[in-house]
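Colleague: Thanks for making time today! Could we talk through the aromatic contacts together?

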Amino acid sequence: MRCSRLVKVFALVCCLTLVLSGMALAEETIKIGLLAPLTGPAADDGINVKNSVVMAVEKVNAEGGILGKQIELVTYDDRADPKEAVALAHKLIERDSVIGVVGGSYSFPSRAVAPIFQEEKVPFVAAYALHPEVTSAGEFCFRVGMLGDVEGRACAYVAVHNFKAKTVALIHADNDFGRTLSTGTREYLEKHAPDTKILIEQAYPFAEKDYKAYLSKIKEANPDVVISSGYFFQVGPMVKQAREMGITAPFIGEEGADSPEMIKIAGEAAEDFVIVTNLDRDDKRAFVQDYLRQYKERFGVDTCMVGASAYDAFMVIINGIKVAGELDTQKIRDAIAASELEGLTGVSKFTEQGEVIKPMVVQIVKDWGFHYLDTVDDPAVLEK
């Protein structure tokens with residue numbers, strides 16, 4: 001009997017030791033979450049995001065970590081699906097106990113999870129999701145990318161100032177992303193370039209692959225410039241089909257098309273395609289060129305704005321922890337709100353609404369790569 005009791009006591013002690021050991025191990029790292037679309041049509045963007053944030057984590061850890069602890073990245077695939085993202089947001093909070101989250105996904109899932117992180121007071125920094133509801137969820141939500149209407153205004157600015165367009169055609173995905181961008185374009189033209197007319201505006205289903213019917217109407221309208229809002233897997237085939245149909249007008253896109261995959265899909269038709277974005281491949285700052293070079297050396301492909309933006313979003317959280325000096329999410333949030341951090345995509349300094357105001361970069365495709373064309377710093381474009 002006595003022996004049996006001793007065995008039970010010994011087993012209890014072992015279990016307690018294991019639990020305490022696990023707790024101690026957990027406390028040795030600081031967990032930061034990452035939501036990104038690693039499968040599905042947006043997987044190329046999601047993988048770029050993950051690779052870039054992993055590079056950032058490794059850099060921070062190699063330099064000694066933060067507050068004497070290493071960073072542990074907890075990554076989940078939200079498949080760009082709002083329902084999936086909501087379940088994973090709860091998982092990050094309740095099971096993983098993350099101290100902050102990088103939103104490395106699109107607007108639909110980012111809009112869905114932002115109120116959750118706000119409610120639980122976990123700092124959430126969206127990398128490139130452009131819908132206004134991402135940050136309007138509350139003070140714990142930030143964005144290092146640009147709002148959709150800002151990007152739309154920038155497209156209009158480039159059409160007018162770089163291409164001297166007097167007529168434009170708009171074509172965009174029939175979703176929040178596309179509609180928000182086109183709203184910004186129309187707004188800028190109406191207020192600041194009333195002599196430039198929109199000849200035609202068309203919206204295509206998100207899953208569309210054949211754009212010839214839409215492009216036929218654009219060809220008939222014969223605009224000076226086509227502003228084509230969409231993701232790389234939409235704009236790539238659209239531009240290719242347009243050139244095959246004999247449409248020679250310049251095409252202007254935005255960050256959704258900022259991907260080496262767009263060039264791969266469009267092929268030779270991608271030459272001279274223009275985008276407004278936040279990553280300048282010709283940026284002379286050494287750490288930007290190091291990132292671009294190291295990414296290609298390690299992963300065998302070029303990076304793009306989604307990866308650079310996610311890298312910056314992660315560093316915003318890291319800087320917040322560093323400045324706060326402790327793992328108090330309210331203090332980390334306050335430190336982020338007051339921070340001014342120079343990143344790959346420019347300086348992230350946040351407004352009271354959690355938005356950044358920084359110049360947009362105009363890139364043009366030359367010789368199978370994106371290169372610097374211009375900078376848009378007009379307050380009429382950038383002000384929220």
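Colleague: Which residues do ring pairs link into a cluster?

Modeller: Happy to go through that, and please keep in mind that this is a predicted model. Searching the whole structure gives 15 aromatic pairs. Ring pairs join seven side chains into a cluster, namely Tyr106, Tyr128, Phe177, Phe206, Tyr231, Phe232 and Phe233.

Colleague: Are the rings of Phe177 and Tyr231 stacked or edge-to-face?

Modeller: Their centres are 4.4 Å apart. Planes under 30 degrees apart count as stacked. The planes here are at 10 degrees, so the pair is stacked.

Colleague: How many residues apart in sequence are the parts that Phe177 and Tyr231 tie together?

Modeller: Both residues are buried. Phe177 sits in helix α7, while Tyr231 belongs to the loop between β8 (225-229) and α9 (232-244), so the parts they tie together are separated in sequence by 54 residues.

Colleague: What kind of pair do Tyr157 and Tyr188 form?

Modeller: Tyr157 lies in helix α6 and Tyr188 in helix α7, so this pair ties together parts 31 residues apart in sequence. Tyr157 is buried at 14% relative accessible area, and Tyr188 is buried too, at 2%. The ring centres are 6.2 Å apart with the planes at 65 degrees, so the pair is edge-to-face.

Colleague: Turning to the strands, which residue in β12 is the bridge partner of Gly343?

Modeller: Strands β11 (residues 340-343) and β12 (residues 346-349) run antiparallel and are joined by four bridges. A hairpin connects β11 to β12 through two residues. In β12, Gly343 has as its bridge partner Gly346.

How values were computed. Residues are numbered from 1 along each chain as its sequence is written. This is a predicted model: local features need pLDDT of at least 70, side-chain atom pairs count only at pLDDT 80 or more; totals for chains, interfaces and linings use all residues. Side-chain values use heavy atoms; hydrogens and water are left out. Rings of Phe, Tyr and Trp (its six-membered ring) pair if their centres lie within 6.5 Å; planes under 30 degrees apart count as stacked, over 60 as edge-to-face and the rest as tilted. Buried means under 20% relative accessible area, exposed over 50%, partly exposed in between (1.4 Å probe, protein chains only). Two strands pair if DSSP finds at least two bridges between them.
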